[in-house]
Amino acid sequence: MYQVLLLLHSWNRWAVLVLMLLVLVGSIRRFKATGAMQPRDLKLARITAVVVDIQAVLGLLLYGVFSPITNAAFQNMKGAMKDPVMRFWAVEHLAMMLVAWILVRVGTILAKKSSTTPYRTLAVCFGLALLFMILMVPWPGAVTERPLFRMP
């Protein structure tokens, strides 16, 4: 089960990053627009939020149940905090990705409700969320690296 969830989480990140980028570029292009969001922009933001939700659920399952890395960290949190790789997986990755997830959700809700500057709201929330996501993805060459494209 661990390998399946890890594969899904790994591949879904690309959908998350592409969709986040599309929403961000669209909202920056309409940054100064006033009035309600266009229906297609709102639909894209909602689809993106759902894909981010799926990514978060997969990640939380890995973190809390299936990952041997976090399970080992829970056995010795003091030792895990001294090891940069263990600390990344046990604390840093989770914390920043949860913040990003909340920003996506809050941004989508606030943009939908805003009748004055929905695109500005979306640009700020999704921009910050995307920044946190990019910083916390285990890129090749980072403290803890994973392959860009995990194979089954």
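## Surface and burial

The protein chain exposes about 8,500 Å². Carbon and sulfur atoms supply 72% of that area. Accessible areas come from the Shrake-Rupley method with a 1.4 Å probe, and for residues only the protein chains shown count as cover.

This is a predicted model: local features need pLDDT of at least 70, side-chain atom pairs count only at pLDDT 80 or more, and totals for chains, interfaces and linings use all residues. Residues are numbered from 1 along each chain as its sequence is written, and side-chain values use heavy atoms, with hydrogens and water left out.

The protein chain has 152 residues, and 41% of them are buried. Buried means under 20% relative accessible area, exposed means over 50%, and partly exposed lies in between (1.4 Å probe, protein chains only).

## Overall build

The protein chain has six helices and zero strands. Its pattern along the sequence is α-α-α-α-α-α. Helices (H or I, at least four residues) and strands (E, at least two) are DSSP runs, numbered from the N terminus.

The C-alpha atoms fill a box of roughly 50 × 30 × 25 Å along the principal axes.

## Charges

The protein chain carries 16 positive and 5 negative side chains. Lys and Arg count as positive, Asp and Glu as negative; His and the chain ends are not counted. The centres of the two sets lie 10 Å apart. Each charge is placed at NZ of Lys, CZ of Arg, CG of Asp or CD of Glu.

## Salt bridges

How many salt bridges does a search of the whole structure find? It finds four. A salt bridge is a side-chain nitrogen of Lys or Arg within 4 Å of a carboxyl oxygen of Asp or Glu.

Asp41 pairs with Arg30 at 3.4 Å, N to O. Asp41 lies in helix H2 (residues 39-66) and Arg30 in the loop between helix H1 (2-29) and H2, so the pair ties together parts eleven residues apart in sequence. Asp41 is buried, at 13% relative accessibility. Asp41 also bridges to Arg40, with the closest N and O atoms 3.8 Å apart. Arg40 is exposed, at 55%.

Another bridge joins Arg105 and Asp53, whose closest N and O atoms are 2.5 Å apart. Arg105 lies in helix H5 (residues 84-113) and Asp53 in helix H2, so this pair ties together parts 52 residues apart in sequence. Arg105 is partly exposed, at 29% relative accessibility. Through shared partners, salt bridges join Arg30, Arg40 and Asp41 into one network.
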